[in-house]
Structure formats: structure tokens, C-alpha cells
Amino acid sequence: NNSATYDDGSCCVELWGECYSIDTTTLGLYNFGLSGSIPIEIGNFTNLEILVLYGNQLSGEIPPEIGNLTNLHLVNLSDNQFTGSIPPTIGSLTNLTRLVLHNNQLSGQIPSEIFNLTNLSELELHNNQLSGQIPSWIDTLTSLTQATFAYNQFSGQIPESICNLNLNFDNMLIASHNQLCPPYPECPGLDWWGVQDTTNCE
């Protein structure tokens, strides 16, 4: 049992050996020396607006219970050792503006449920082992101004729809160092889609 009560009767939940109020709105445990996985009890913090765990040695899969935290605006789990796929339950976080997952070992495809995150302005997925295609529905995320897919194993073609977004196309982390095939979209202000391994392109 990872829950307890404070002296005033309010509930707290134990994470990594510390007790946090169930009512907390911010968990900012970055560069904290944490290891192991994210406990499923994270799903109890339904008032949470900010979850920042970057720069630890956390591993295992991102628990699907994260989808319970529908008040989240910011999730930053970067610079850890997370594996497995991005949980589809993240699509429940419709208030999310920033999803930052770079520098992990995440694999699998971008879940289509991210389609629901219409407030998302920042999607950082670079330096993982993600595969499949960059989804053609990417332009439905109309608030998106920063997106990074570089240094993964994405294949197929880059969807023309990406040009409809107001991205900083100077950023080489958008799509470089994947297995993306020509022809490449001609987005305004973009000269080059970076280095691609086209070995498996027809």
C-alpha cells in the first residue's frame, strides 16, 4: 500500500520513498537521482498540472495510469531510460501543451490518440527508437510550434501536411537521422530534411 494520511487527515501517496499530497499540482523531481520505474500510483494525482521528471535514471514503461491526470499541462520525462511504447492513454490529456519525451529508449509508433491533444504546442520525441510513419494527421495539432522526430527509426514518407504547421523548420531535430524516403515535402523556409538512411526506400 503506497498511500497514507497526514496528521490533518489529508491523503498522501508515496513515490520513490517520499510522501506527496494527493492534492499537489506540481511534481518537479528533475535531476533528482531517481531510479526504477514510475509507480502506477502516479495516476492518483488527479490535480496534477505539471509533471517534470527529466534527468533521472528512470526506466521501464511509462504507466498508462498517466492518462488519469487530465489536468496536466506539461509532461517532461526526457533524459531517462524509459522503454516500451508511448501509452495511448496520453490521448486523454487534452489540456496538455507540452509533451517532452526525448533522450529515452521508447519504441513503437506514435499513438493515434495523440491526435486528441489539440492544445499541444510542443512535441519532443527525438533520440528514441520510435518507428513507423510520421502521421499524416500531424497538422490537426494546429497549436504545434515545436516538433522533433530526429534520431529515431521513422520510415516511409514525411507527410505533406507537416507544412501546414507553424513549425521552426530551421530546427534539424524535426526529422533528421531517420529512414524517411523521398520525395520530401517542400515546406516554406525549409531547404533540407537532414540526413536520412534511404537504404530501404524504393
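Val-195 lies in the segment that follows strand β16 (179-181), strands being DSSP runs of E with at least two residues, numbered from the N terminus. With a relative accessible area of 40%, Val-195 is partly exposed; buried denotes under 20%, exposed over 50%, and partly exposed the range in between (1.4 Å probe, protein chains only). The model is predicted: local features need pLDDT of at least 70, side-chain atom pairs count only at pLDDT 80 or more, and totals for chains, interfaces and linings use all residues. Residues are numbered from 1 along each chain as its sequence is written, and side-chain values use heavy atoms, with hydrogens and water left out.

**Nonpolar surface patch**

- Val-195 forms a nonpolar surface patch of about 280 Å² together with Met-172 and Trp-192.
- Patches consist of residues with over 30% relative accessible area and no salt bridge, with nonpolar side chains (Val, Leu, Ile, Met, Phe, Trp, Tyr) joined within 5 Å and like charges within 9 Å.
- A salt bridge requires a side-chain nitrogen of Lys or Arg within 4 Å of a carboxyl oxygen of Asp or Glu, and accessible areas come from the Shrake-Rupley method with a 1.4 Å probe, only the protein chains shown counting as cover for residues.

**Disulfide count and pairing**

- The count comes to three disulfides, a disulfide being a pair of cysteine sulfur atoms within 2.5 Å.
- When the bonded cysteines of the protein chain are numbered in sequence order, the pairing reads 1-2, 3-5, 4-6.

- Cys-12 is joined to Cys-19 with an S to S distance of 2.0 Å, and the disulfide is right-handed because the torsion about its S-S bond is about 70°.
- Cys-12 is buried at 2% relative accessibility, whereas Cys-19 is partly exposed at 35%.
- Cys-11 is partly exposed at 29% relative accessibility; its sulfur lies 6.3 Å from the closest cysteine sulfur, that of Cys-12, which is too far for a bond.

**Links involving β16 and the segment after it**

- Cys-163 and Cys-187 are joined at an S to S distance of 2.0 Å, in a left-handed link with -75° about the S-S bond.
- Cys-163 lies in the loop between β15 (153-157) and β16, and Cys-187 in the segment after β16, so this pair ties together parts 24 residues apart in sequence.
- Both ends are buried, Cys-163 at 17% relative accessible area and Cys-187 at 4%.
- Cys-181 is joined to Cys-201, again with S to S 2.0 Å, and this link is left-handed at -90° about the S-S bond.
- Cys-181 belongs to strand β16 and Cys-201 to the segment after β16, so the pair ties together parts 20 residues apart in sequence.
- Cys-181 is buried at 14% relative accessibility.

Methods. Helix = DSSP H or I, 4+ residues; strand = E, 2+ residues; numbered from the N terminus.
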